[in-house]
Structures are given as C-alpha cells and as structure tokens.
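Here are my notes for someone opening this entry for the first time. Have the viewer ready and go point by point.

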Amino acid sequence: MKFLVSAIAGLLASAAVTAHAQDAAPFRATLLGEIVLPTGLKIAGTEFGGISGLDYEAANGLFYAISDDRSERAPARLYTLKLAIDGKGVHGIDIVSSHDMRNAEGTLFARKDVDPEAIRFDASANRIFWSSEGDAAGRPAIYEAKPDGSQIRSFVIPEAYLPNADKTRGVRSNLSFESLAISPDGKTLWAGTENALAQDGEKATLEAGSPSRIIGFDIASGTVAAEYVYENGPIFAKATKEPYYNDNGLSEFLFFGPDELLTVERSFALGIGSEIDFYLASFSGATNIKDAGSIKDVGAKAMSKRKVLKIGEGDFGLDIDNIESVSWGPEVDGQRTLVIASDNNFSSEQFTQFVVLKLDAATN
C-alpha cells in the first residue's frame, strides 16, 4: 500500500542552498533541502517515527528505513520510502510500505524484546541486515532478513558484547550496535557500538571520548573477521537545562572507500542542542583486537580519523535534530548526495527530519 505525505507549509524546505560547515575540510556540501515530519503522524493508524537507520536501493529508487519502536506503539517495523530529489531541491516523500520485523519463529517481537537501530540493504542478494541494541535482558543482536522483515538468521555475537549480571562486561544500555555497513566487496558486515563496552572504558564525557568497537562479520560464514577500536570525541558542550543531560556517540557509518568509513558522531546537550560531526576513519594501521575480552589487555591502536564536516545548530540554516541515520542517495548533477535522518524518539519536542546534501565534486 502506498501512502503519500505531501509537502505542506512549514514542513518542507526544498530550495537549494550552498553552505560550508565550520572546520569542514575537505568536504564541501550544498544543502539541497529537507523534509520535516511532525511527531504524531500516523500511517494507517500506526505512528511514524523513531527513524534510526536508512539505506538506499538505487535500482528502485527506494530508501529502507527502520524504526526504533521497541514493539511498544506497534510491532517493530521497517519502511520503504521514496524521496523526490533533483538539482532544484527535495520536493516530497512517499511512505511506500511498512513491514513488521519477525523473529526466528516467524512471530512478532514481544514488547521491549528488541530495539532496532541500523539497517543496510544488500542488492546482490536482495536482503537486509539490521541491528538491535538490546532485548529484554540487554543483549544486542544483528540479523539478516528478507526485505519484508522475515528473519533469515542471526549472527553469533561474541561474549565480550553480552552484558553480565553485574554490568561489568558487555554493551551498555542504549549504547550498543547503532551502526552497520557492508564492505564494498560485499563480503563483510561491519557493526559499531555507540560507546565503549563496560570492560573497555567509560562513556563519553565533556573531558574525554569513549572507545567504541567496530566488529566485522564474514557474511558467508557468520564468523567474526576482525575488530577495531574507534575513539569517539568528548561531548561538545555542557548542558544548560535540567536535568543537564548530554552525550556523544558513534551513531552511524558507511563506506567512503575500500578502507575508509564515513562516520557520524551525534552529540547533544540539553538547552544547547545538537552537533553532528562527520569523520573519515581508516582501518589502515589500526590494531585488530579480534577475540579480545577487553581492549585494556591488548594496548590497541585505534582507527585514525579526521573531521570532514560539521553540522551544528543553524549550520546550513538547519534546526538539526537527533541524527542517527546516514545513507548515500541518488546522484544529482553527476555528484554524490548524502542523506541523513533523525530519530524523533516519539517525543512531541522533536521531529523526524530528512536532510539531503550534495557533495562537491572534489569530495567524490
């Protein structure tokens, strides 16, 4: 079933605007436009929102999007979307379809037993991969599924990532597998944690970052191929509003080249807003920590990284929200587009935001 969300005043910005984010070398970008959808929007009776992962299927011009609804408002689900993008801007969005995610038994996930976060489409096999930050016991998961959400298999997650009873090991709550990417050769699925495992280090603070792990699974066998450390930066600003919440973490990545990830660190400070930092991070020269129970045991050299783009409040004329998704989009005027999307947390104080940037030819 197809649902059309039309562009209405106050919800759609489609004029192309050229701007350069501060400290953004070498990426130069043009804002093609944005679409903002309000919290509370319902499609066939189900609330649309929580968009935490996005990926583009070029053959059909579709975006696969995943909601991080923990089967609380409706069954855990993915969407297919179409964005009308050309050299003059972004002109509308079609919410083409919605599919419920299913477990190994073919049934819907129970309430709070899944936390969908990232999604990638594999055109070579017409399948998707998606991640969950945690089940009812806090255990993360990575799945292979059909595009209709029916499960094919789950990957075996190493013990180091599984929380123990006293929370001294494993992923922290809501800081787990936020990122997924398929290697350019199609052989490896990479997943990244938002912040450090409990045994690896602390969460990001105003003074220091946090060592996330990026783990690669051989897609054919499902076994772990490699693991690396990715150092998040510190939180960008001190919160000014009670309860003074702030954070920074690795919220998504995708491949820029065969050995390089374009990573997204999403930082937030209550009362200040958001800052979204993009980096190019390289595997080259980093220590493979495969099978390490703790990075403290191996003296690991982290992946090198350099900031290439920043979007803060007001940059590109945007009121930037909780960006958790990044995908390549269609080429426009022979240049790459980058599409980012926000998770509104189903909060009335937030919104679902799709932003399309055209990258300068020198960036390609």
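1. Let's begin with a question: which residues does L175 touch, not counting residues up to four places away in sequence? They are E133, T193, E194, N195 and K203. One thing to keep in mind as you look around is that this is a predicted model.

2. Where does L175 sit? You'll find L175 in the loop between β14 and β15. L175 counts as buried because its relative accessible area is 13%, which is under the 20% cut-off. For a sense of scale, pick G92 as well: L175 and G92 are 83 residues apart in sequence, and their C-alpha atoms are 33 Å apart in space.

3. Now look at S176, which is found in the loop between β14 (151–154) and β15. Is S176 buried or exposed? S176 is buried, with a relative accessible area of 0%. Setting aside neighbours within four places in sequence, its contacts are S132, E133, P140, V171, G192, T193 and E194.

4. Next, the largest nonpolar core, which has 24 residues. The members that touch the most other members are F27, L262, F278, I311, F316, I340 and L357.

5. Beyond its neighbours within four places in sequence, I340 is in contact with F278, I311, I320, I323, S325, V326, Q353, F354 and V355. There is also a second, separate core of 21 residues, with F48, L54, L83 and I85 among them.

6. Seven of the ten residues in β9 are buried, so the strand is mostly covered, buried being under 20% relative accessible area. On one side of the pairing list is strand β8 (residues 62–67), which pairs with β9 in the antiparallel sense over four bridges; A65 has Y79 in β9 as its bridge partner. Strand β10 (residues 89–100) also runs antiparallel to β9, and nine bridges join them. A hairpin of two residues links β9 to β10.

7. How much volume does the largest pocket have? About 1000 Å³. Of the 42 residues that line it, Y245, F268, N322, N345 and Q350 are the closest to its centre. Strands β19, β20 and β21 each give at least two residues to this lining. By type, the lining of the largest pocket divides into ten nonpolar, twelve polar and 20 charged residues.

8. Last, the second largest pocket, with about 580 Å³ of space. It is lined by 24 residues, and the closest to its centre are D55, Y56, F121, I182 and W328. Here β7 (51–57), β11 (116–122), β15 (177–182), β19 and β23 each supply at least two lining residues. The lining of this second largest pocket splits into eleven nonpolar, seven polar and six charged residues.

Notes
Residues are numbered from 1 along each chain as its sequence is written. This is a predicted model: local features need pLDDT of at least 70, side-chain atom pairs count only at pLDDT 80 or more; totals for chains, interfaces and linings use all residues. Side-chain values use heavy atoms; hydrogens and water are left out. A nonpolar core is a set of buried Ala, Val, Leu, Ile, Met, Phe, Trp, Tyr and Cys residues joined through side-chain atoms within 4.5 Å. Buried means under 20% relative accessible area, exposed over 50%, partly exposed in between (1.4 Å probe, protein chains only). Contact means heavy atoms within 4.5 Å. On a 1 Å grid over the protein atoms alone, a cavity is a set of points where a 1.4 Å probe fits but cannot get out, and a pocket is an open set with protein on both sides within 12 Å along at least five of seven lines; lining residues have an atom within 4 Å of a point. Grid points are joined across faces, edges and corners, and a volume is the space filled by probe spheres set on the points. Ala, Val, Leu, Ile, Met, Phe, Trp, Tyr, Cys and Pro count as nonpolar, Asp, Glu, Lys and Arg as charged, and the others, Gly among them, as polar. Two strands pair if DSSP finds at least two bridges between them.
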